[in-house]
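Here are my notes for your first look at this one. Keep the viewer open and follow along point by point.

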Amino acid sequence: SHRNELLSDSNIEDDVHIESMEMVLVEVQNGNNSNFRNDKISIPQRAKKLYNNYCGVAEWGNFITLVIMIIGIILVEIFKNVDPKVYYQIFRIIRAIGVFGLSGGITNWLAVKMLFDRIPGLIGSGVIRNQFVEIRNSVKMIVLDTFFEPHCMMEYLNNKQDDWLRELDVDAKISEVLKSQAADEIVDKQLNLMMSRPEGMMLTFMGMNVGVLKPMILPFIHGLGPTVSNVLSKNVNTSELINPENIRMQVDQLLSAKLEEMTAPRVKVLVENMIRKHLGWLVVWGNIFGAIIGVICEVSSVFN
């Protein structure tokens with residue numbers, strides 16, 4: 001079972017690597033964040049994707065330092081026995097810029113590569129794939145702790161309570177309910193119930209009945225809408241209706257269910273699409289600092 005799992009994981013990694021090279025559009029449908037359709041990608045789009053993957057700032061930085069290194073090596077060999085030696089020393093510095101710059105860039109490029117992909121024989125490579133469960137859990141906790149902290153949620157809900165009541169137009173809705181047929185039937189029922197009691201019999205002796213009392217009571221009931229709305233806004237607290245802990249629990253369950261769908265290859269592709277293109281500058285700065293170190297080493301050797 002473990003062997004089959006490893007083989008399946010290896011096959012998935014190869015498929016994802018090929019798809020990530022040729023993918024241009026990532027379709028998001030029904031919560032699925034990665035549906036790659038290579039058959040719909042035209043040749044110009046594939047060429048553009050390959051250019052973006054292999055002709056970024058990192059590749060240009062390494063290419064430029066490689067050219068400088070080759071030129072420096074050739075010129076050093078040409079002017080090795082030529083006087084004056086000043087040209088020879090200058091070309092040695094150029095060679096050092098290329099060699100050290102390329103070594104710095106390649107080192108950083110390899111570090112970025114090891115972050116996303118497993119490299120046989122290099123312990124610690126494929127960090128994102130190896131730690132995808134921790135990455136999923138970290139994403140969930142960041143969302144919960146940042147956006148669904150109970151105290152902040154409660155404060156937000158209390159501050160928004162009046163705005164929600166205004167948006168809901170509670171006055172109009174209460175008035176609509178009080179003027180509805182259902183409310184009218186309730187008034188009839190309660191008046192008939194009252195007339196069956198002793199106090200109702202007293203009203204009957206006075207010539208009062210449901211038909212007389214109802215027109216007197218309805219305007220009073222219909223006018224209760226604004227009053228009831230004000231009482232609700234002042235006395236109803238959002239915390240009594242909405243429990244932030246329950247909301248947080250429901251969101252936690254939703255995130256857990258969705259994150260279970262995020263396999264190691266999908267997490268790798270997701271993170272790679274977000275940050276890999278920005279990591280190219282790490283390679284460029286490796287070229288620059290490597291070149292500076294090369295100049296310092298070469299100049300110090302000249303004076304020695």
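1. Start at leucine 259, which touches Arg136 and Lys140 once residues up to four places away in sequence are set aside; touching, or contact, means heavy atoms within 4.5 Å. Leucine 259 sits in helix H14 (residues 244–259). It is buried, with a relative accessible area of 15%. For that scale, buried is under 20% relative accessible area, exposed is over 50%, and partly exposed is in between, using a 1.4 Å probe and protein chains only. The C-alpha atoms of leucine 259 and asparagine 137 are 8.2 Å apart, although 122 residues separate the two along the chain.

2. A word on what you are looking at: this is a predicted model, where local features need pLDDT of at least 70, side-chain atom pairs count only at pLDDT 80 or more, and totals for chains, interfaces and linings use all residues. Residues are numbered from 1 along each chain as its sequence is written, and side-chain values use heavy atoms, with hydrogens and water left out.

3. Now go across to lysine 140, in helix H6 (residues 132–147). Is lysine 140 buried or exposed? It counts as buried, at 15% relative accessibility. Beyond four places in sequence, lysine 140 touches Asp252, Leu255, Ser256 and Leu259. With aspartate 252 there is also a side-chain to side-chain polar contact at 3.2 Å. A polar contact here is a pair of N or O atoms within 3.5 Å; within protein, one must be able to donate a hydrogen and the other to accept it, and residues adjacent in sequence count only if both atoms are side-chain atoms.

4. Next, the charged pairs. Side chains of opposite charge can pair when their charged atoms come close. The whole structure has 7 salt bridges, each being a side-chain nitrogen of Lys or Arg within 4 Å of a carboxyl oxygen of Asp or Glu. One of them joins arginine 92 to glutamate 298, with the closest N and O atoms 2.7 Å apart. That pair links distant parts of the chain, since arginine 92 is in helix H4 (residues 85–116) and glutamate 298 in helix H16 (residues 280–303), 206 residues apart. Glutamate 298 is buried, at a relative accessible area of 9%.

5. Arginine 248 pairs with aspartate 145, the closest N and O atoms being 3.0 Å apart. Arginine 248 belongs to helix H14 and aspartate 145 to helix H6, so the pair ties together parts that are 103 residues apart in sequence. Aspartate 145 counts as partly exposed, at 44% relative accessibility.

6. There is also a salt bridge between the side chains of glutamate 261 and lysine 258, at 3.5 Å from N to O. Glutamate 261 is partly exposed at 34% relative accessibility, and lysine 258 is partly exposed at 31%.

7. Move on to helix H15 (residues 264–275). Its 12 residues reach 17 Å from first C-alpha to last, close to the 16 Å expected at 1.5 Å a residue; that expected span is 1.5 Å times one less than the number of residues. Among the buried residues of H15 are Ala264, Val267, Val269 and Val271. Alanine 264 is buried at 8% relative accessibility. Leaving aside neighbours within four places in sequence, alanine 264 is in contact with Arg129 and Phe132. Its C-alpha is 7.9 Å from that of valine 133, 131 residues away along the chain.

8. Val57, Trp281, Trp285, Ile288, Phe289, Ile292 and Ile296 make a nonpolar surface patch of about 690 Å². Patch residues have over 30% relative accessible area and no salt bridge; like charges are joined within 9 Å, and nonpolar side chains (Val, Leu, Ile, Met, Phe, Trp, Tyr) within 5 Å. H16 supplies the largest share of the patch, 6 residues. One of the patch residues, isoleucine 292, is partly exposed with a relative accessible area of 43%.

9. Finally, the whole chain. Its secondary structure comes to 16 helices and 0 strands; helices (H or I, at least four residues) and strands (E, at least two) are DSSP runs, numbered from the N terminus. Of the 304 residues, 26% count as buried. Among contacts with a separation of 6 or more, 68% come from residues 24 or more positions apart.

Methods. Accessible areas come from the Shrake-Rupley method with a 1.4 Å probe; for residues, only the protein chains shown count as cover.
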